[in-house]
Amino acid sequence: MNEKVLKTLEYTVVLDMLSDKASSDLGKAMCRDLTPMTNLSEIEQAQKETADALTRLFKKGSVNFGSLKDLRFQIKSLEIGATLTAKELLSFASLLSNVRVVRQWGVSCDDAERDSLSDYFEGLAPLTQIEKEISRCILNEDGDIADDASPALKSIRRNITMTSEKIHSELNHMVNGSLRTYLQDAVVTMRGDRYCIPVKSEYKGQVPGMVHDQSSSGSTFFIEPKQVVELNNKLRELEIEEQHEIGIILAGLSASLSEQTLFLSTDIDLMTRLDFTFAKANLAMEQNAVRPIFNSDHVINLRKARHPLLDKKKVVPIDVPLGKDYDLLVITGPNTGGKTVTLKTVGLLTLMGQAGLHIPAADLSELSIFKEVYADIGDEQSIEQSLSTFSSHMKSIVHILKHADTDALCLFDELGAGTDPTEGAALAISILSYLHDRGIRTMATTHYSELKVFALSTSFVENASCEFSVETLSPTYRLLIGIPGKSNAFAISEKMGLPKEIIDQAKLTINETDEKFEDVISNLDAARVSLEKERLQFDEDRRALDIKIKAFNEKSEKLDSSRDKILREANEEARNILQEAKDYADESIRALNKMGAGVSMKDLEKRRESLRGKINDKNSKLTVDKKDVSSGTKAKDLHLGDMVKILSMNLKGTVSTLPDTKGDLFVQCGIIRTKTNIKDIIPVQEETVTAPGIKKATGSGKIKMSKSLTVSYELNLIGKTVDEAIAILDKYLDDAYLSHMPSVRIVHGKGTGALRNAVTQFLKKSKYVKSYRAGEHGEGDAGVTIVEFK
């Protein structure tokens, strides 16, 4: 891929963003060296690694690869038998410690969780014993060696401590004793690693020993008394032995590492690779990016694509198809309307996809493999090379035409601009025809009406425009395929404050044909807006109607299939109640028989009353309370929706149809719709709930108890935490299921995926959920889940 296009399309800026996501210097360097690939299998592998890393981040959270240092030079030194310094050895211990943590985070015992990164994690060698030994021997980043690094070092340092104490004891005795009057200060100091005392110059001869230094004024001599010379010599020898022993320890640690140089090199390579891969995943998470689908047919189909360098909360997503129905797209529209951004978005997302990066677009977006991407965007005029705007563009275009082939994607901004409009338009048409005849995928922006006509009259060439709102006199940044756009120069100029008389004069100079053409475009755009609004309303109404029809059919089927079952269960319950009463009566008779003739009348009466009470209690469950029976219900007193009681079934319901000539009607009892006769029903008081603070006499405080009338077919969870959302979802599904809805729509958004995953996990465990799926195009895509009940 040519270096110029990487800079023109700001691919290098994306690499800077990517490198900021890496933890280590090696990972950052790998990010900055990332270039687009042209081999499909390599691209798919890179995309899979990015997707798997993103999945791991959603499941397990972030992973830190630490300050991974470049230790390859030290590894080379180990291979030739060199001894490393304490700091270098500590760097290897830090590397191995980080390798151990990363490996534990990434390796899973479950084969079902294996992915394209599993081999990387499993290939890491922590070398735990070596790491622990280095950490035991070297205390800190300053390279201090622990006393316990070896028995010999421990013994030497113990002797050093004892000798130092003897020297201090001897010198303190002198300082506080007979030599006190000879000293400048009563202190013990050091000169050249030797313990000394400060003696006044006039008493130098009174203190036998070795002179090591003199003060700048000459009034003080630093003398090592002869009594401690031997002890100082011994101390120096011990310090030399200490350094020698430390060298042996470092050599031993270096030797243990030198046996593992292959593993160390592999660890550095794998850690760098993983740091780079998870940097790609973190960038994808930040941009809410997706894995594109690649093809080899040079077909691009971007859905809801966003430029990665623009604020994702403000940028307007665009749909860009190219290569299937047409191979050349001519984009027109006003300045600052988004034409150049559209070109850069297509080019940059193509480069990102081929580099193994996810792209900020909607699911199912497609990209193709291009061996080269050429872009003539921006003004590259040069005073030094005597190049004007037109000349600089033409130089770039000549280069593109010379090297472009069917495996190239060509992007032109303001093709033919910077010169006479007539000649510029003619050149632009000729250039586009040249590319079109060779089947080269091309996108170009322009203000020339001639290019709009060229696109309308040429097969496999399509117009597109950046929408402009006439009401607000500002661009909407939406890309409209199939419709040429107006430059709206007059409207924009008037908005910017240009006097109206100047604008009116300019309109008079426009060719009549051009004016008619622009008017046709305006009328087409107005018709498009109207039709689009009507289509959206029609689609919304159709979806709502389909849901209602489906719900009605499923509810009807459920009622029909459930009616016989409920009746059978009711009859069975009735038989059970009668049998229970019979058994109690039989038990009572047996008890009376056992009492014999000597039983008192009082006991018999008590037993009889108990039996009568039990039988009446059971009988009340099977028969209708006589108090409720009316002398007769008249048809004129019934209305649709009235609450009634079916006497023969002891069930309450609402009137579904009015009585016919025979007095037959349908009553809705819960989920059962049953046919009965007006003679078998009586009106009853409808159950109501009175709202707090409202008097019972007023009807405004009453709420009808009917969930099917209040439960919505859609639940919006956006903005909720996972815990809040799951609690709301649980109650909503209960209400929807009890209302016999066939399906509902859960809106959770995309975001980081945490809320979507929580909803999915909850639906898996729900006993009355038949199936669920992600929303399709037009339903909300991955931000929506459709749930069907059993």
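I began with Asn288, which I found in the loop between helix H11 (261-287) and strand E5 (293-295), where helices (H or I, at least four residues) and strands (E, at least two) are DSSP runs numbered from the N terminus. The model is a predicted one, in which local features need pLDDT of at least 70 and side-chain atom pairs count only at pLDDT 80 or more, while totals for chains, interfaces and linings use all residues. Residues are numbered from 1 along each chain as its sequence is written, and side-chain values use heavy atoms, with hydrogens and water left out.

**Positive phi angles**

I looked up the backbone at Asn288 and noted a positive phi of about 55 degrees, although Asn288 is not a glycine. Most residues other than glycine have a negative phi. Asn288 is partly exposed at a relative accessible area of 26%; here buried means under 20% relative accessible area, exposed over 50%, and partly exposed in between, with a 1.4 Å probe and protein chains only.

I then turned to His298, another residue that is not a glycine and has a positive phi, of about 60 degrees. His298 sits in the loop between E5 and strand E6 (300-305), and I recorded His298 as buried, with a relative accessible area of 13%.

I followed strand E15 (residues 643-646) to strand E16 (residues 651-655), with which E15 pairs in the antiparallel sense over 4 bridges; two strands pair if DSSP finds at least two bridges between them. Ile646 stands opposite Leu651 in E16. The two strands E15 and E16 form a hairpin with 4 residues between them, and in its turn Asn650 has a positive phi of about 55 degrees. On to strand E17 (residues 664-669), I found E16 joined to E17 by 2 bridges, the two running antiparallel, with Val667 in E17 as the bridge partner of Val655.

**Helices H20 and H21**

I looked up how helix H20 (residues 722-738) packs with helix H21 (residues 754-765), and the angle is about 40 degrees with the axes 10 Å apart; axes are lines fitted to C-alpha atoms, for helices over the stretch in contact, and angles run from 0 to 180 degrees between N-to-C directions. The contact (heavy atoms within 4.5 Å) involves residues including Ile726 and Leu729 of H20, and Val759 and Phe762 of H21. By class, I noted 11 nonpolar, no polar and 1 charged residues in this contact, where Ala, Val, Leu, Ile, Met, Phe, Trp, Tyr, Cys and Pro count as nonpolar, Asp, Glu, Lys and Arg as charged, and the others, Gly among them, as polar.

**Salt bridges**

I took a salt bridge as a side-chain nitrogen of Lys or Arg within 4 Å of a carboxyl oxygen of Asp or Glu, and by this rule the count comes to 22.

The side chains of Glu49 and Arg273 meet in one of them, at 3.1 Å from N to O. Because Glu49 lies in helix H4 (residues 40-60) and Arg273 in helix H11, the pair ties together parts that are 224 residues apart in sequence. Glu49 is buried at a relative accessible area of 2%, whereas Arg273 is partly exposed at 25%.

Asp213 forms a salt bridge with Arg191, with the closest N and O atoms 3.0 Å apart. Asp213 lies in strand E3 (residues 209-214) and Arg191 in strand E1 (residues 189-191), so this pair ties together parts 22 residues apart in sequence.
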